[in-house]
Amino acid sequence: MVRKRSEVALACEHLGALALAGDADRLKFHQDSFERGERLGFVPYISKQMIDRALQIAEQNKQIGQEPSCADRHPSVQFRLNGLGFP
């Protein structure tokens, strides 16, 4: 049970980091894969809607040129982004 929770946390942090970094290209790849039914090793908890929302945030961050200062300097930070649906 602990391992599964850890995998969920890692997946959420991965999507959050991509969103903060404005990495819309990688999130679009994830989105396209999910649409084809390919889960890319993500645990079942991660939904296409979570990826869709992360992509929206990434596109906004990319447009305004926001950089994820905390992600680069503090990789252990757990990203809690409103609206992503993460716990």
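Colleague: Which residues does Arg-39 touch, not counting residues up to four places away in sequence?

Modeller: The model is a predicted one. In it, Arg-39 lies in the loop between helix 2 and helix 3. Leaving aside residues up to four places away in sequence, the residues that Arg-39 touches are Phe-34, Pro-44, Tyr-45 and Ile-46.

Colleague: Is Arg-39 buried, partly exposed or exposed?

Modeller: The relative accessible area of Arg-39 is 32%. Buried would require under 20% and exposed over 50%. Arg-39 is therefore partly exposed.

Colleague: Of what kind is the aromatic pair of Phe-34 and Phe-42?

Modeller: The structure holds one aromatic pair. The ring centres of Phe-34 and Phe-42 are 5.8 Å apart, and the ring planes stand at 65°. Both Phe-34 and Phe-42 are buried. Since planes over 60 degrees apart fall in this class, the pair is edge-to-face.

Colleague: How is helix 2 oriented relative to helix 3, roughly parallel or roughly antiparallel?

Modeller: Helix 2, residues 24–35, packs with helix 3, residues 48–64, and their axes are 9 Å apart. The angle between them is about 160°, and angles over 145 degrees belong to one class. Helix 2 is therefore roughly antiparallel to helix 3.

Colleague: How many charged residues does the contact of helix 2 with helix 3 have?

Modeller: The crossing of these two helices is left-handed. Helix 2 contributes residues including Asp-25, Lys-28 and Glu-35, while Lys-48, Asp-52, Glu-59 and Lys-62 are among those of helix 3. By class, the contact has seven nonpolar residues, two polar ones and, as to charged residues, seven.

Note on methods: Residues numbered from 1 in each chain as written. Predicted model: local features only at pLDDT ≥ 70, side-chain atom pairs only at ≥ 80, totals over all residues. Heavy atoms only, no water. Axes fitted to C-alpha atoms, helices over the stretch in contact; angles between N-to-C directions. Helix = DSSP H or I, 4+ residues; strand = E, 2+ residues; numbered from the N terminus. Parallel < 35°, antiparallel > 145°, perpendicular 65-115°, else oblique. Left-handed = near helix turned anticlockwise from the far one by under 90°. Contact = heavy atoms within 4.5 Å. Nonpolar A, V, L, I, M, F, W, Y, C, P; charged D, E, K, R; others polar. Phe/Tyr/Trp six-rings, centres within 6.5 Å; stacked < 30°, edge-to-face > 60°. Buried < 20%, exposed > 50% of the residue type's maximum accessible area, 1.4 Å probe, protein only.
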